[in-house]
Amino acid sequence: MLIRNAYIENQTQLSDIQITDGKFAAIGPGLTPQPGEQVLDLGGKLVLPPFIESHVHLDTCLTAGEPVWNQSGTLFEGIACWSQRKEQLSREDVRRRVLQAVRMQAAHGIQYVRTHVDVTDPKLTALEAMLELREELKDVMTLQIVAFPQEGILSYPGGQELLEQAVKLGADAVGAIPHYEFTREYSVESLNYAMALAEKYDKLVDVHCDEIDDEASRGLETLAARAYEMGLKDRVTASHTTAMHSYNNAYVLRLMRLLQLSEINFVSNPLVNTHLQGRADTYPKRRGVTRVKELLQAGINVSFGHDDIFDPWYPMGTGSLRDVVFLGLHVCQMMGYEDIQNAYRLISVNAARTLHLGESYGIRVGNPASFLVLDGKDYYQVLNENAPVLYSYREGRLLAQSLPGSRQVFF
Ligand code: FE2
């Protein structure tokens with residue numbers, strides 16, 4: 001197949017893309033079609049690498065209001081609601097909801113998902129269903145599974161054993177939730193335990209780290225120090241880090257050096273954290289999103305995630321990362337021209353580093369022909385106009401397409 005007249009990422013010159021046997025065979029201007037080759041003329045549309053959801057909870061998705069709604073909108077009432085819903089979990093229930101959510105994500109150009117799966121469940125029902133789905137869906141969606149101890153590692157009965165069992169069953173990454181542990185000592189010990197487990201089983205790490213407005217929540221420094229000292233470095237990700245929003249600037253100045261040394265990744269979830277954080281504030285109310293702009297300026301890798309899709313923690317969401325980027329740029333005050341043009345990187349190339357997708361991700365000759373066509377000439381236009389992903393191709397195969405709706409104005 002020959003794709004003509006594409007703007008690839010931020011390039012301002014039009015390129016053609018030739019795809020042979022599911023791989024990018026040639027990229028450049030004025031390519032000649034082979035006899036009988038299918039030609040798709042984009043007429044100046046944007047082509048991007050596939051979107052990556054770097055932080056979501058697929059096991060809880062599409063359960064808002066079951067059995068009760070989170071009325072306060074706090075993280076902690078969300079955990080309490082989920083604790084009730086968890087009792088009704090079955091393999092079929094998880095499968096049905098995850099398959100629906102994955103199709104929603106695919107429609108918005110997502111081809112890779114890092115999902116956290118709650119393993120504070122003695123039956124590990126959701127984990128087992130997710131492991132099955134990872135295998136079943138691997139040709140259309142890459143699922144990376146984080147064993148996530150929602151109710152704590154040391155503060156939940158058998159939490160340590162369940163986490164290790166989840167890793168042995170095949171989770172890709174080890175999680176932790178230091179701000180939810182009973183004490184500061186448990187918080188530190190839980191991180192030490194999670195990191196040691198990752199080292200022992202050669203897994204990635206992704207911690208729900210300081211997802212609280214408490215400026216004294218300092219799980220991040222422990223995580224970064226261990227990542228540095230153990231040499232796990234960019235295999236480690238700190239998700240949420242909303243307490244960093246509230247840290248004093250003198251502390252952050254000191255912390256930044258450690259974060260740079262550690263080379264850990266960050267995932268921010270602006271949709272969900274603007275909703276969940278600041279709930280104990282009167283006015284002014286904190287935005288509650290980590291210091292994305294400052295982290296990026298310090299050369300630290302940051303991506304954006306949706307986090308929750310219509311579940312006890314967030315009663316909305318279509319799975320589209322466009323909404324995440326749109327709100328994230330506002331709340332992080334990243335509205336400069338270059339910030340907006342480059343924002344697609346927060347849900348593609350930066351997330352690829354976090355997921356350790358390696359060199360096979362990206363629009364380069366020899367790589368699998370996985371890419372998106374968006375209905376605009378650049379990301380600024382696509383983001384501002386909420387333009388759809390027209391086509392999502394994976395290894396040369398069309399996975400999803402959208403037909404732009406028509407609107408008419410009669411004046
Ligand atoms: Fe999360």
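**Notebook: helix packing and sheets**

I began with helices H5 and H6, and recorded that H5 passes H6 in a right-handed crossing. I note here that the model is a predicted one. Two packed helices are described by the angle between their axes and the distance between the axes, and I therefore looked up both quantities for this pair. H5 (residues 184-201) and H6 (residues 219-230) pack at about 30°, and their axes lie 10 Å apart. Since angles under 35 degrees count as roughly parallel, H5 is roughly parallel to H6.

I then listed the residues that make the contact. On H5 they are Val188, Leu191, Asn192, Met195, Ala196 and Glu199. On H6 they are Gly219, Thr222, Leu223, Arg226, Ala227 and Met230. Sorted by class, the contact of H5 with H6 has seven nonpolar, three polar and two charged residues.

**Entry on H4 and H5**

I next examined helix H4 (residues 159-169), which packs with H5 at an angle of about 25°, the axes being 11 Å apart. This angle makes H4 roughly parallel to H5. The crossing of H4 and H5 is right-handed. From H4, I recorded Gln160, Glu161, Leu163, Glu164, Val167 and Lys168 in the contact; they meet Tyr193, Leu197, Lys200 and Tyr201 of H5. The class count for the contact of H4 with H5 is five nonpolar, one polar and four charged residues.

I found an open sheet of eight strands with parallel pairing, in the order S5-S6-S7-S8-S9-S10-S11-S12. Strand S5 (51-56) and strand S12 (302-304) are at its edges; each has a single partner strand, so one side of each is without a neighbour in the sheet.

Within this sheet I checked two pairings. S9 and S10 pair in the parallel sense over five bridges, and Cys209 has His240 in S10 as its bridge partner. Strand S11 (residues 265-268) pairs with S12, also in the parallel sense, over three bridges. In that region Val267 stands opposite Ser303 of S12.

I also asked why S10 counts as largely enclosed by the rest of the structure. The reason is that five of the five residues of S10 are buried.

**Entry on the seven-stranded sheet**

I recorded a further open sheet, of seven strands and with mixed pairing, in the order S3-S2-S1-S4-S13-S14-S15. Its edge strands are S3 (23-28) and S15 (397-401), each of which pairs on one side only. From one strand to the next, the twist averages 35°. Strand S2 (residues 15-20) and S3 pair in the antiparallel sense over five bridges. I noted that Ile19 stands opposite Phe24 in S3.

**Entry on Ala352**

Finally I looked up a single residue. Ala352 is placed in helix H12 (residues 349-355). Is Ala352 buried or exposed? Its relative accessibility is 7%, and because buried means under 20%, Ala352 counts as buried. Setting aside neighbours within four places in sequence, I found Ala352 in contact with Ile52, Leu357 and Tyr361.

Terms used. Residues are numbered from 1 along each chain as its sequence is written. This is a predicted model: local features need pLDDT of at least 70, side-chain atom pairs count only at pLDDT 80 or more; totals for chains, interfaces and linings use all residues. Side-chain values use heavy atoms; hydrogens and water are left out. Helices (H or I, at least four residues) and strands (E, at least two) are DSSP runs, numbered from the N terminus. Buried means under 20% relative accessible area, exposed over 50%, partly exposed in between (1.4 Å probe, protein chains only). Contact means heavy atoms within 4.5 Å. Axes are lines fitted to C-alpha atoms, for helices over the stretch in contact, and angles run from 0 to 180 degrees between N-to-C directions. Angles under 35 degrees count as roughly parallel, over 145 as roughly antiparallel, 65 to 115 as roughly perpendicular and the rest as oblique. A crossing is left-handed if the near helix is turned anticlockwise from the far one by less than a right angle, and right-handed if clockwise. Ala, Val, Leu, Ile, Met, Phe, Trp, Tyr, Cys and Pro count as nonpolar, Asp, Glu, Lys and Arg as charged, and the others, Gly among them, as polar. Two strands pair if DSSP finds at least two bridges between them.
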